[in-house]
Amino acid sequence: MTAELPYAQLDWDDQGRPRSRVFDDVYFSSDSGLDETRHVFIEQNRLGERFAALAAGQRFVIGETGFGTGLNFLCAWQLFRQQAPAGARLHFVSVEKYPLNHADLQRALGLWPELADLAQPFLVQYQAIHGGFQRLVLDQGRVILTLLIGDALEQLPQLDAQVDAWFLDGFAPAKNPEMWTAELFAELARLAAPGASISTFTSTGWVRRLLNAAGFKMKRTPGIGRKWEVLRGEFLGWPEGTPAPAAAKPWFARPPRQDKSALVIGGGLAGCSSAASLAARGWQVRLLERHGQLAQEASGNPQGVLYLKLSAHGTALSQMILSGFGYTRRQLEHLQRGLDWDGCGVLQLAFNAKEAERQAQLAAAFAHDLLHILDREQAQARAGIGLEYGGLFFPEGGWVHPPALCQWQAAHAGIQVLAHRQVLELRRVDQQWQAWDGEQLLASAAVVILAGAAEIKQFPASAELPLKRIRGQITRLPQTARSQALATVVCAEGYVAPPRLGEHTLGASFDFHNQDLAPTTAEHAGNLEMLREISNDLLHRLDAEHLPLEELQGRAAFRCTSPDYLPIVGPLADRAAFACTYAALGRDARQVPDLPCPWLEGLYINSGHGSRGLITAPLSGELLAAWLEDEPLPLPRSVAEACHPNRFALRRLIRGKA
């Protein structure tokens, strides 16, 4: 998505139907878009009978070029709801270069009142749609929509999925030839499951020939309305004489699937997110927490900030943050605004020349509705307090009460929370993982997910992962009549949030050496100094200079971070066996030994989220579920690999340090 043209530019005809200005083409038939969708995409792909034939627990994947108004998606969802068994799941993956903004989408879908019962929950979730992979979870997790926002030939090569049915629904070939190329059709073939079906509204001869050349057997079939003929086909396999697409490197391949029972160790955001994503897929999950309640450590702060620290250069971390921000922002729609979260926006002050330069680069690289620069006067008006600087404003950001998010995630019927369970040892017995506390067996399951931040280093299998603890302390300041004017989160080196339940949260310190979690007056003083740098005016409004340091309230916790600042998410391998199996990489890093990865079967990790857990942990739960369920990944393949636990063992081998 570019800063210049992030959304579809539409005109509306006298009957309220949208037309693209960029492509000078309609989004759906002027006669009956609904009938055409059902004929061209639903019937030609035989979706009714295929949905009905699914078994409970099975999933069906539809891929689409050109999401447009979402009409095809809603029709497929409607039929899936009617025909598929209760335990089946639908994945719908669609690429769209110019998404509709919320108001235009709502107006377009208003043309179809018969779809209103699906359009309404979809529109609620259609929030924070920005570049890259954006995942929307609907129907209590039974239906998952993954939007790839951007150019099709940039997004589809990053998709890791097996597609059962393809909808080719870009604008007409004459209007948008870039969506009907041999390169794009090769991507459809790469992603096609054996025997995948395909259909499109066009019957143009060169489109049919290019699809045939990519491995699809296409034929013309009667159309509907003004469409005399349409195309449908089946994927027969990669064409002879054409190099097959490269397989996943074995150390990033998908491990064997497991029985649908899991132990999740750690009841913070990473653990609760992991448990929720699995439970939504029919897993039975036991969530083990050593404290008496969930979210008692780093996820226990009264207010965390939903803030994007991005790069203008499209790094893996930046892509993860952009996708994770949207995913978390959509989850918050299930919580109570004002108590559990508030989308009040986040203002990052340009407190020196280097920061101002960085912000200018970001403002040029991203769309205005994601972030934009405010001068000092604008920033003061937005924040409601006096400021020394302008800065970068994130209108969809805000603050979150992390325990509320954890509790909502863990409330699923498939999750059993086991409090006061300190797991000291893991044992693998008869294809099951057992969690032990000394002589007491706490629970067992086919899969274990280690989500206890740096505490997971106590287990031998994860002891060598380079996780680091960083102590952080927040200060709770009672609101005053004058401090209530603060209308948005304001950040510099630290942050201060608008009041929640009569208190502002101020923080957070960084201490790499202190291992004691008792709050200190020195760090309260440091937090107040950060507040002075953010806004001397707010410091006075809070009367903070006169508050006795020894009476200030706060809490400290350990962030857990990795050396590259990316989370560590995915299956674990046996470290010694890994070094042996792939020793050749120490001599030639370009080799790809055709040897299976020595996985520690059923052992997974979700950790290393640092200070970004609100943004990265929930989507990491979806990434874990995708690994375990062999589903389309919710992130670009390169980003999933950049977060994979095996990245560290791989680097050691290549550097000759294994």
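Colleague: Which residues form one aromatic cluster?
Modeller: Phe41, Phe67, Phe73, Trp77, Phe92, Phe122, Tyr126 and Phe167. Bear in mind that this is a predicted model. The structure holds 18 aromatic pairs. Phenylalanine 67 and phenylalanine 73 form one of these pairs.

Colleague: Why is the pair of phenylalanine 67 and phenylalanine 73 called tilted?
Modeller: Take the distance first. The ring centres are 6.3 Å apart, and rings pair if their centres lie within 6.5 Å. Now the angle. The planes stand at 45°. Stacked needs under 30 degrees and edge-to-face needs over 60, and the rest count as tilted. So 45° makes this pair tilted. Phenylalanine 67 and phenylalanine 73 are both buried.

Colleague: What makes phenylalanine 216 and phenylalanine 235 an aromatic pair?
Modeller: Their centres are 5.1 Å apart, and the limit is 6.5 Å. The planes are 55° apart.

Colleague: Where in the chain do phenylalanine 216 and phenylalanine 235 sit?
Modeller: Phenylalanine 216 is in strand E10, residues 216–222. Phenylalanine 235 is in strand E11, residues 229–235. They are 19 residues apart, and the pair links distant parts of the chain.

Colleague: Why does phenylalanine 216 count as buried?
Modeller: Its relative accessibility is 2%. Buried means under 20%, so the label holds for phenylalanine 216. Phenylalanine 235 has a relative accessible area of 9% and is therefore buried by that cut-off.

Colleague: How do you know that the charged end of arginine 107 sits over the ring of tryptophan 12?
Modeller: The charged end is 4.0 Å from the ring centre. The distance cut-off is 6 Å, and the charge must also be within 35 degrees of the ring normal. The charged end of arginine 427 likewise sits over the ring of tryptophan 436, 3.9 Å from its centre.

Colleague: What is the crossing angle of helix H3 and helix H5?
Modeller: Roughly 115°. Their axes come within 10 Å. H3 covers residues 71–83, and H5 covers residues 116–125. H3 passes H5 in a right-handed crossing.

Colleague: Which residues make the contact between H3 and H5?
Modeller: From H3, Phe73, Leu74, Trp77, Gln78 and Arg81. From H5, Asp117, Leu118, Ala119, Pro121 and Phe122. Phe73, Trp77 and Phe122 are also among the members of the aromatic cluster.

Conventions:
Residues are numbered from 1 along each chain as its sequence is written. This is a predicted model: local features need pLDDT of at least 70, side-chain atom pairs count only at pLDDT 80 or more; totals for chains, interfaces and linings use all residues. Side-chain values use heavy atoms; hydrogens and water are left out. Rings of Phe, Tyr and Trp (its six-membered ring) pair if their centres lie within 6.5 Å; planes under 30 degrees apart count as stacked, over 60 as edge-to-face and the rest as tilted. Buried means under 20% relative accessible area, exposed over 50%, partly exposed in between (1.4 Å probe, protein chains only). Helices (H or I, at least four residues) and strands (E, at least two) are DSSP runs, numbered from the N terminus. Axes are lines fitted to C-alpha atoms, for helices over the stretch in contact, and angles run from 0 to 180 degrees between N-to-C directions. A crossing is left-handed if the near helix is turned anticlockwise from the far one by less than a right angle, and right-handed if clockwise. Contact means heavy atoms within 4.5 Å.
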